[in-house]
Amino acid sequence: MKKFTRTFFFVIPLLLCIGQLAAQGVKNESAIGETMRSSGRIYVVIAVMLTILAGLVIYLVRLDRRMTKLEKE
Amino acid sequence: MSKTKNYMYKSWWKILGVVLLVYTFVAGLLGKVPNLPALEETVRNLYFHVCMWFAMMILFTISVINGIKYLRTFDIRYDIISRQYATTGIVLGLLGYATGAIWMSYTWADPNNPAFQSFGALAREPKLIGTAIALLIYFAYLVLRDSIADMDKRARISAVYNIFAYAMLFPSIWIVPRLLPSLHPGQEGNPAMNFKDIDASMRIVFYPAVIGWTLLAVWITTIKIRIGLLKEKKWQ
């Protein structure tokens, strides 16, 4: 349980960092920025979809591990 | 309690949720969307980013209902249900925040956007601060819970705190950001709920998407609840 809360406090600054990095990428107009802006910025939607998928998968893996631990006890 | 147990073991709504999500992904990427110069194709994020927040609000609502149920019956199982819905709600909130950060980086923070000067201009965005406050209140819920060893005391205090957190949720994510100048859409009226607000071609995807994401989140939560109930049974 404690581990759970600790992970959350780790995740927030990480998210803020991601936001900042993304914003900086715009200023310098990196290669990623160019790709993201092509085809009517559809890759932004893809990035959003992948973020949600990754988030849910990480969450399920954690759940799976906890379940395994419980079964072993 | 048997009623609550029933829905967790039924599979029709899980299938429905998956079908709706498949529809969301297919129709969400291929469907027609109005061409807005500021958003272009990113408007399709409505089916993903916005749905995270809607599902989060629905899950927090279920959580507070079970918290109240606990206070009425002092049945520890309602406490387990309440806690698990709150945690899944937080996960959705974090995903909403992360996806919002990505979306924002290519719309508000665009060099072509005259409203954008610096990252500081975005950090002042009331919607961002409001949602951060709401999520932090719910983090405090978890911290509070886990810091109390006594099971009954923990359940009672966290159920009461859950009600307070819920009371703060809507003012901080809806009301306060709307009173301040903001870049976020939905400054006037009820965003996403207003029929004149969203194009009809998007509404036929958006509403199923909200239901689909919510059902997926509920599915994950029911598995967590089942684990919680199993643990509870073992200790007794």
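Predicted model: local features only at pLDDT ≥ 70, side-chain atom pairs only at ≥ 80, totals over all residues.
Trainee: Which pattern of elements does chain B follow along the sequence?

Mentor: Helices (H or I, at least four residues) and strands (E, at least two) are DSSP runs, numbered from the N terminus. Read along its sequence, chain B follows the pattern α-α-α-α-α-α-α-α, with eight helices and zero strands. Residues are numbered from 1 along each chain as its sequence is written, while chains are lettered from A and ligands numbered from 1 in the order in which they are written.

Trainee: What mean pLDDT does each chain have?

Mentor: pLDDT is the predictor's confidence in each residue, from 0 to 100. For chain B the mean is 87, and 89% of its residues reach 70 or more. Chain A averages 74, with 59% of the residues scoring at least 70.

Trainee: How many residues does helix α3 of chain B have, and what does it reach from its first C-alpha to its last?

Mentor: The expected span of a helix is 1.5 Å times one less than its number of residues. Helix α3 of chain B (residues 49-73) has 25 residues and reaches 37 Å from its first C-alpha to its last, close to the 36 Å expected. B:Phe74 follows this helix.

Trainee: At what angle do α3(B) and α4(B) pack?

Mentor: Two packed helices are described by the angle between their axes and the distance between the axes. Axes are lines fitted to C-alpha atoms, for helices over the stretch in contact, and angles run from 0 to 180 degrees between N-to-C directions. Angles under 35 degrees count as roughly parallel, over 145 as roughly antiparallel, 65 to 115 as roughly perpendicular and the rest as oblique. Here α3(B) and helix α4 (residues 76-105) of chain B pack at about 160°, their axes 8 Å apart. The two helices are therefore roughly antiparallel to each other. By class, their contact has 15 nonpolar, twelve polar and two charged residues. Ala, Val, Leu, Ile, Met, Phe, Trp, Tyr, Cys and Pro count as nonpolar, Asp, Glu, Lys and Arg as charged, and the others, Gly among them, as polar.

Trainee: Is the crossing of α3(B) and α4(B) left-handed or right-handed?

Mentor: A crossing is left-handed if the near helix is turned anticlockwise from the far one by less than a right angle, and right-handed if clockwise. The crossing of α3(B) and α4(B) is left-handed. By contrast, α4(B) passes α8(B) in a right-handed crossing. The axes of α4(B) and helix α8 (residues 200-235) of chain B come within 9 Å and cross at roughly 140°; these helices are therefore oblique to each other.

Trainee: What is the phi of B:Phe74, and where is its place?

Mentor: Most residues other than glycine have a negative phi, and most peptide bonds are trans. B:Phe74 has a positive phi, near 55°, and sits in the loop between α3 and α4 of chain B. A:Arg41 also has a positive phi, near 60°, and its place is the loop between α2 (31-37) and α3 of chain A.

Trainee: Are B:Phe74 and A:Arg41 buried, partly exposed or exposed?

Mentor: A residue is buried if 20 or more other C-beta atoms lie within 10 Å of its own, exposed if 12 or fewer, and partly exposed in between; C-beta atoms are placed from the backbone. B:Phe74 is partly exposed because it has 13 such atoms within 10 Å, whereas A:Arg41 is buried, with 20. Buried residues make up 41% of the 236 residues in chain B and 16% of the 73 residues of chain A.
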